[in-house]
Each structure stands twice: as C-alpha cells, then as structure tokens.
Amino acid sequence: MSAGRLQRALTRSAARAGASVAIERHRAVAWHSATFTGDRHELVLAGRDDPRLDAWLDSLDAESLALPGHVLAELRVVARARDAGATHARLEGVTVAAG
C-alpha cells in the first residue's frame with residue numbers, strides 16, 4: 001500500500017530540508033478507474049514552528065517525492081495553522097500504482 005511509502009517519503013523530504021515532522025493522521029481511500037488503481041490521501045502533520053518547515057511546505061509538490069512502485073499524481077497543502085510553537089498542516093494527495 002502507498003500510505004506507508006508516502007509517510008516515509010514526506011518525513012525524509014522534511015528532514016532533508018532541515019525540518020522534522022510527525023504524521024498525526026493519515027487516511028487513504030482506494031480510488032479506481034478503468035485505467036488505474038490508486039488512493040486518495042488526507043494527512044495531518046505537525047512540526048516545530050520553524051522557518052525551514054514553512055519553506056518546505058511552500059515548496060512541497062508531487063514531483064519532489066519519490067514513491068517506489070507508485071506515482072504521486074497530486075500533492076498539495078490545503079491548510080496550515082500554528083499553535084503553541086507548533087505548525088500543523090493538512091495535505092491531500094493522489095497516488096497511482098505504477099505498472
């Protein structure tokens with residue numbers, strides 16, 4: 001399943017940018033058509049309020065993450081909030097099984 005791969009790719013990408021994030025919630029729903037199989041993802045992640053985290057979230061897109069065996073067809077930050085020194089972000093994305 002692409003859920004674990006997406007979580008690992010996000011945390012690795014954030015770490016490379018100097019930001020540390022924790023996935024607080026991840027919901028993946030199967031999504032199919034006649035030509036592909038995939039998942040729609042909703043994630044909530046949190047990290048320390050830090051300009052590096054903001055920069056990472058601002059630059060995050062589907063092309064920046066590699067998911068072996070899957071194509072990340074879409075990824076976007078749909079909400080961001082700050083609370084008590086932490087940043088929380090809600091992301092939505094679509095993965096498609098390769099092959």
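1. Start with the contacts: of those in the protein between residues at least 6 apart in sequence, 56% join residues at least 24 apart; a contact here is heavy atoms within 4.5 Å.

2. A word on what you're looking at: this is a predicted model, where local features need pLDDT of at least 70 and side-chain atom pairs count only at pLDDT 80 or more, while totals for chains, interfaces and linings use all residues. Residues are numbered from 1 along each chain as its sequence is written, and side-chain values use heavy atoms, leaving out hydrogens and water.

3. The protein has two helices and four strands (DSSP runs, H or I of at least four residues for helices and E of at least two for strands, numbered from the N terminus). Along the sequence they read α-β-β-α-β-β.

4. Now the inside. Buried residues (under 20% relative accessible area, 1.4 Å probe, protein chains only) make up 38% of the 99 residues.

5. Leaving aside residues up to four places away in sequence, Leu91 touches Leu10, His41, Glu42, Leu43, Leu45, Leu60, Leu75, Arg76 and Val77.

6. As for overall dimensions, the C-alpha atoms fill a box of roughly 45 × 20 × 20 Å along the principal axes.

Terms used: Buried < 20%, exposed > 50% of the residue type's maximum accessible area, 1.4 Å probe, protein only.
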